[in-house]
Amino acid sequence: MTVEQTLPDARPVEAQVRPDLTTLIVYFGALIAMFMATIDMQIVVTALPTIAGELGNLHLFGWVGAAYLLSTAAVSPFYGKLGDMYGRKNVVLTAIGLFLLGSLVCGMAWSMESLIAARVLQGIGGGGLMVSAFAMIGELFSPRERAKYQGYSSAVFALSSVLGPLAGGYITSLFGWRWVFLVNLPIGIIVLAVLAFAMRSRFNEKRHRIDYLGGVLLAAGTTAIVYWGYHVLDPSGPDLITFALPLLALVAITLFVMVERRAEEPIVPLRLFGDSTVSIVSGVSLVAGTVTLGMFFYFALYMQTLTGLSPAEVGFLFLPASLTSMVISIVAGRVIAATGRYKWMPVVAMAIGGFLMLGFVLTNQHTPIWVLATMMAVFGISMGLQFQVLIVAIQAAAPLQDIGAVTSLITQARTLGASLGLALNGAVMIWALNRQTAELPADAAALLPGGLNGLTPHLASSLPGAIREVVLDHYSSGFNVMFIWVAALYLVAMGLTLLLEDKEIPKRA
């Protein structure tokens, strides 16, 4: 006999129109958990120069961000499926525990290598927080109401993503970089206690067979793709790894598909891709992660080098994006809840993003700060029109019992895109800056032993006036190539969103 309680994470859809107090407590707990997980994607952006200065091994600092994103993407399917099988409570509590342990180890790191390893552990927990939070919201509310509440949650997601650089710079300046990670501990303990008390467990005597092999193969393929991204167009030239990793990824994904076809309870049910909305939204989310989350580090690096502002001051340039993304996410959620229509929103979002990247091509060291702030505000509008909309779309296309699976799918696609964005966008930037270095006048090149790729904000501000002007001209020209590349990716994403059916989300499941 199956014993199942009617709980905040498994309520009848018809009863979800007017959420009760317990449901709202669980919902707000999920929002805070999501905030912790997403802010840690970008909070290291403005702290990295300080971290690298203390721990050394500057060439590894990109992996501090990538390690978190990569581990998050790798574990997302496990959390989604386990939550579908056994309920969200134990899954999300485990994820919080791992995240807090990883945060503690990050704050105690003694080398760049130990910090990267700790970020992997932190990401394993963070992946569970994001998937579980979005899935919990998908189960708590009816399809149309879900749009409104996902709007609030996506406002938190966008806000934390953009607020990360500001928080990282501010905390680093006031308390030191270790508190960028240690600040999670008191907040996380409170969330852990709230969810442990408010959520009730779902018990089911049915025995499940967890698809470990499928999950490992998917994680291996994901890891190979992202790791390849950090080798392609490497300044040292291609090596054996550059050619071996795509083959490994292809083999892993092929075996994954074969395993999923035969698995009794596949970690990613392939039947979900029979719905065109699931397939298209997954593809759009992959590209969207590349052009949004995968660009924060390069925005910060570009603006800090050109303006000479401190990390905390550059962080404030991300504040307009935080505000606009938050407001637009909430408004978009309410519009979807009222009309049931959503297709036009991601189409407009991608068009805005593409034009914005072309606008960045026109910027340089003479661009006023207020113009940069305005451009970041427009970037926030683009984010607000896509994040929660895509989650609402994919959850509405899936049956309730697969909410966790499709949520993990979009979370993994977005996180994988962010990882690839850090890698591929950076590879394009490095390639372009190397070409610009070769065109530098001899007197300028002599002051840059590491070329434009080795140009730091401190070094740029210390250059003589005339030479600094020339160097920054070439530096911005190198970044322009990356901006054009990202604009092209936005165009691809817009093309994919145009393929979505213009469906109306029903008011009830």
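Contact here means heavy atoms within 4.5 Å. The model is a predicted one, so to speak of local features takes a pLDDT of at least 70 and side-chain atom pairs count only at pLDDT 80 or more, while totals for chains, interfaces and linings use all residues. Residues are numbered from 1 along each chain as its sequence is written, and side-chain values use heavy atoms, with hydrogens and water left out.

As for the overall picture, the chain has 21 helices and zero strands; both are DSSP runs numbered from the N terminus, helices being H or I with at least four residues and strands E with at least two. Buried residues (under 20% relative accessible area, with exposed meaning over 50% and partly exposed in between; 1.4 Å probe, protein chains only) make up 59% of the 509 residues. Among contacts with a separation of 6 or more, 84% come from residues 24 or more positions apart.

Back to Phe 360. Together with Phe 299 and Met 357, Phe 360 touches the most other members of the largest nonpolar core, which holds 141 residues. Such a core is a set of buried Ala, Val, Leu, Ile, Met, Phe, Trp, Tyr and Cys residues joined through side-chain atoms within 4.5 Å. Phe 360 and Phe 299 also sit in one aromatic cluster with Tyr 302, Phe 379, Tyr 475, Phe 479 and Phe 483. Rings of Phe, Tyr and Trp (its six-membered ring) pair if their centres lie within 6.5 Å, and planes under 30 degrees apart count as stacked, over 60 as edge-to-face and the rest as tilted. The count by this rule is nine aromatic pairs.

Phe 299 and Tyr 302 are also among the buried residues of helix H12. H12 (residues 296–307) has 12 residues and reaches 16 Å from its first C-alpha to its last, close to the 16 Å expected at 1.5 Å a residue; the expected span is 1.5 Å times one less than the number of residues. With 10 of its 12 residues buried, H12 is largely enclosed by the rest of the structure. Just after H12, Gly 308 takes a positive phi of about 75°.

Leu 306, another buried residue of H12, is 166 residues from Leu 472 in sequence, yet their C-alpha atoms are 6.8 Å apart. Leu 472 lies in helix H21 and is buried, at 0% relative accessibility. Beyond its neighbours within four places, Leu 472 is in contact with Thr 305, Leu 306, Gln 365, Leu 455 and Ala 460.

Helix H11 (residues 276–291) is mostly covered, with 12 of its 16 residues buried. Its cover includes helices H15, H16, H17, H18 and H21.

Helix H8 (residues 184–198) has a buried set made up of Asn 184, Gly 188, Val 191, Leu 195 and Ala 198. They cover an arc of only 110° around the axis, which puts them on the same side of H8; the arc is that of the directions from the helix axis to the C-beta atoms. The face turned away from that side carries the exposed Ile 189, Ile 190 and Phe 197. Asn 184 is also one of the contacts of Ser 103, along with Gln 122, Phe 181, Leu 182 and Leu 185, neighbours within four places aside. Ser 103 lies in helix H4 (residues 89–107) and is buried, with a relative accessible area of 0%.
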